[in-house]
Amino acid sequence: MKRLPLLAFSLLGVLAVSACSSTQDVLEPSAIAASPPAPGVLQAETQHGLPVQTASTNQSAAINPGIASRTRLRFDPIVGATADVAAPLTERLAERARASGIALAGSADPSTTHVLKGYFSTLTEGGQTTVIYVWDVYDTSGNRLHRINGQQKAAGRGEGWAAVPPATLQAIADSTIDRLTAWIAGSTG
């Protein structure tokens, strides 16, 4: 019962961050290095009625090539994560998007069809850190089309972003792209 107010407070924090229009602590992911994708898909569990992500070893399938050829995804700056966290997260998102058949667009690319913007926060409780995330998918006019959200427990110890190992960020990116490709296939297929 003691955890409920803390959990409610952290969710309010995520909502506040998602409404934030500040560019402080934001990374512009316009130039992303290519590297081979790694396996790993997430399966959802719940704890206290909220989703908690756990790792699995399944690889997602590419979406329909016709759908992929019509989708050009741009990543907007990630809010709430430090630059040293946002950079590898964005790289992994790009790897998984390309592996799923989604074409990536630069920040000034007029052929962009979808924009992905992320909002992140961490919550440390009882020596365990959880990353809480929200991804909004927009069209090029700024209309929100879809939302992907969840949380991932970090395997490391400590507080805040210092306790979040690369594997946690990879799991978040993998789950995000898997859920995004499923939504794209369902909404345009």
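This is a predicted model: local features need pLDDT of at least 70, side-chain atom pairs count only at pLDDT 80 or more; totals for chains, interfaces and linings use all residues.
Local features here need pLDDT of at least 70 and side-chain atom pairs count only at pLDDT 80 or more, while totals for chains, interfaces and linings use all residues. Residues are numbered from 1 along each chain as its sequence is written, and side-chain values use heavy atoms, with hydrogens and water left out.

Charged pairs come up first. Side chains of opposite charge can pair when their charged atoms come close. Taking a salt bridge as a side-chain nitrogen of Lys or Arg within 4 Å of a carboxyl oxygen of Asp or Glu, a search of the whole structure turns up seven. One of them joins arginine 92 to aspartate 174, with the closest N and O atoms 2.7 Å apart. Arginine 92 sits in helix H3 (residues 83–99) and aspartate 174 in helix H4 (residues 166–188), so this pair ties together parts that are 82 residues apart in sequence. Helices (H or I, at least four residues) and strands (E, at least two) are DSSP runs, numbered from the N terminus.

How buried are these two partners? Buried means under 20% relative accessible area, exposed over 50%, and partly exposed in between (1.4 Å probe, protein chains only). Arginine 92 comes in at 5% relative accessibility and counts as buried; aspartate 174, at 2%, counts as buried too. Aspartate 174 also forms a salt bridge with arginine 96, and here the closest N and O atoms are 3.1 Å apart. That pair again links distant parts of the chain, with arginine 96 in helix H3 and aspartate 174 in helix H4, 78 residues apart. Arginine 96 is buried, as is aspartate 174.

Arginine 147 belongs to strand E9 (residues 144–157) and aspartate 136 to strand E8 (residues 128–138), so the pair ties together parts that are 11 residues apart in sequence. Arginine 147 is partly exposed, with a relative accessible area of 30%, whereas aspartate 136 is buried at 2%.

Now for the nonpolar side. In soluble globular proteins, nonpolar side chains tend to be buried together. A nonpolar core is a set of buried Ala, Val, Leu, Ile, Met, Phe, Trp, Tyr and Cys residues joined through side-chain atoms within 4.5 Å. The largest such core has 28 residues, of which Leu89, Phe120, Trp135, Trp161 and Leu180 touch the most other members. Two or more residues each are given to this core by strand E4 (72–75), H3, strand E7 (114–125), E8, E9 and H4. H4 supplies the largest share, seven residues. A second, separate core of five residues includes Val79, Val115, Tyr119 and Val134.

Tryptophan 135 has contacts (heavy atoms within 4.5 Å) with residues including Leu89, Leu93, Phe120, Arg147 and Ile172, not counting residues up to four places away in sequence. Isoleucine 172 itself is in helix H4 and is buried, with a relative accessible area of 0%. The C-alpha atoms of isoleucine 172 and glutamine 152, 20 residues apart along the chain, are separated by 7.0 Å.

Rings of Phe, Tyr and Trp (its six-membered ring) pair if their centres lie within 6.5 Å; planes under 30 degrees apart count as stacked, over 60 as edge-to-face and the rest as tilted. By this rule there are three aromatic pairs. The rings of phenylalanine 120 and tyrosine 133 have centres 6.0 Å apart and planes at 25°, so the pair is stacked. Phenylalanine 120 lies in strand E7 and tyrosine 133 in strand E8, so parts 13 residues apart in sequence are tied together. Phenylalanine 120 is buried at 2%, and tyrosine 133 is buried at 0%. Phenylalanine 120 also pairs with tryptophan 135, this time edge-to-face, at 5.2 Å centre to centre with 80° between the planes. Phe120, Tyr133, Trp135 and Trp161 form one aromatic cluster.

Finally, the hairpin. E8 and E9 pair in the antiparallel sense over 10 bridges, where pairing requires that DSSP finds at least two bridges between two strands. Tyrosine 138 stands opposite arginine 144 in E9. The hairpin has five residues between the strands, and glycine 142 takes a positive phi near 90°.
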